Amino acid sequence: MAKMKLYYSPSSPYARKVRAMALLTGLDKKMDMVNVALTPVAPNADVDKHNPIGKIPALSIKGMDLFDSPVICEYLDTQHKGRKLFPRKGRERWVALRQQAMGDGLLDAALLARYEGFLRPEDRRWPDWTKGQMKKIDGVLDQLEAEAKSLKGKPTIGTITIACALGYLDFRFASHDWRGKRAKLAKWFSTFSKLPSMKATVPPPA
């Protein structure tokens, strides 16, 4: 029996981070995957039992529940003997954590824009809100383009997060041509997306 149970959705980019991490470290073999459906206005009772915030991903282990994706990923990185995806010290560590913050920030803005345009009743939508979130997204994308050289090399929690964020843009914001002025970032993403852990966690068709 698996020692861990992950509550996730195939469409969740935050859960994708955890799933990709589990595959890269071989911990997927020790993890039961529980596919759940929920939104901010339609919570899931099973998830609520393991995360008082009511969000996925949530990881249940013996005697403890962990959430959200940065915490779960850091825990997983302590549970394997291979190369660590959270660099332990020095500049490499801070670069990876900073990249994770940029990827998560992009995702936060994308989710808020998605909820505004999908969950909120049409007559209550606020175009300026969506515009503001998309501005944040483009700001992160421009920064990543400027720093594309730092994304190269073996995967870290930073590059995993960024790749999941870019994949979410393709999934939910296909009309937003993020590649248009960001050739270096697009080239890196094309290569990184070929990793087995990324191919295995691509969200289903929208």
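A residue is called buried when its relative accessible area is under 20%, exposed when that area is over 50%, and partly exposed in between, using a 1.4 Å probe and protein chains only. A salt bridge is a side-chain nitrogen of Lys or Arg within 4 Å of a carboxyl oxygen of Asp or Glu. For charge, Lys and Arg count as positive and Asp and Glu as negative, while His and the chain ends are not counted.

The model is predicted, so local features need pLDDT of at least 70 and side-chain atom pairs count only at pLDDT 80 or more, while totals for chains, interfaces and linings use all residues. Residues are numbered from 1 along each chain as its sequence is written, and side-chain values use heavy atoms, with hydrogens and water left out.

I will start with R19. R19 sits in helix 1, residues 13-25; helices are DSSP runs of H or I with at least four residues, strands are runs of E with at least two, and both are numbered from the N terminus.

Now the salt bridges. How many does the structure hold? There are eight.

One of them joins the side chains of E147 and R98, at 2.7 Å from N to O. This pair links distant parts of the chain, with E147 in the loop between helix 5 and helix 6, R98 in helix 4, and 49 residues separating them. E147 counts as buried because its relative accessible area is 19%. R98, at 42%, is partly exposed.

Another is formed by R182 and D142, whose closest N and O atoms are 2.9 Å apart. Here too, distant parts of the chain are linked: R182 is in the loop between helix 6 and helix 7 (183-192), D142 is in helix 5, and the two are 40 residues apart. Is R182 buried or exposed? With a relative accessible area of 8%, R182 is buried, whereas D142 has 44% relative accessibility and so counts as partly exposed.

A further salt bridge is between D170 and R179, with 2.7 Å between the closest N and O atoms. D170 is partly exposed at 29%, and R179 is partly exposed at 33%. Some salt bridges share partners, and in this way D138, D142 and R182 are joined into one network.

Next, the surface patches. Patches are made of residues with over 30% relative accessible area and no salt bridge; like charges are joined within 9 Å, and nonpolar side chains (Val, Leu, Ile, Met, Phe, Trp, Tyr) within 5 Å. The place of a charge is taken as NZ of Lys, CZ of Arg, CG of Asp or CD of Glu. Accessible areas come from the Shrake-Rupley method with a 1.4 Å probe, and for residues only the protein chains shown count as cover.

Which residues gather in the patch of positive charge? They are K149, K152, K184 and K187, on the surface. K152 belongs to the loop between helix 5 (127-146) and helix 6 (157-172), and its 62% relative accessibility is why K152 counts as exposed. K184 is placed in helix 7. Leaving aside neighbours within four places in sequence, K184 is in contact with E145 and A148.

There is also a nonpolar patch on the surface, formed by L112, Y115, W126 and W129, with about 400 Å² of accessible area together. Of its members, L112 lies in helix 4, residues 90-118, and is partly exposed at 37% relative accessibility.

Two more residues before I stop. H50 is in helix 2, residues 45-50, and counts as buried because its relative accessibility is 17%. Apart from neighbours within four places in sequence, H50 is in contact with Y7, A58, S60, D65 and F67. Where does K184 stand relative to H50? The two are 134 residues apart in sequence and 40 Å apart in space, C-alpha to C-alpha.

K154 is in the loop between helix 5 and helix 6, and is exposed at 59% relative accessibility.

Terms used. Contact = heavy atoms within 4.5 Å.
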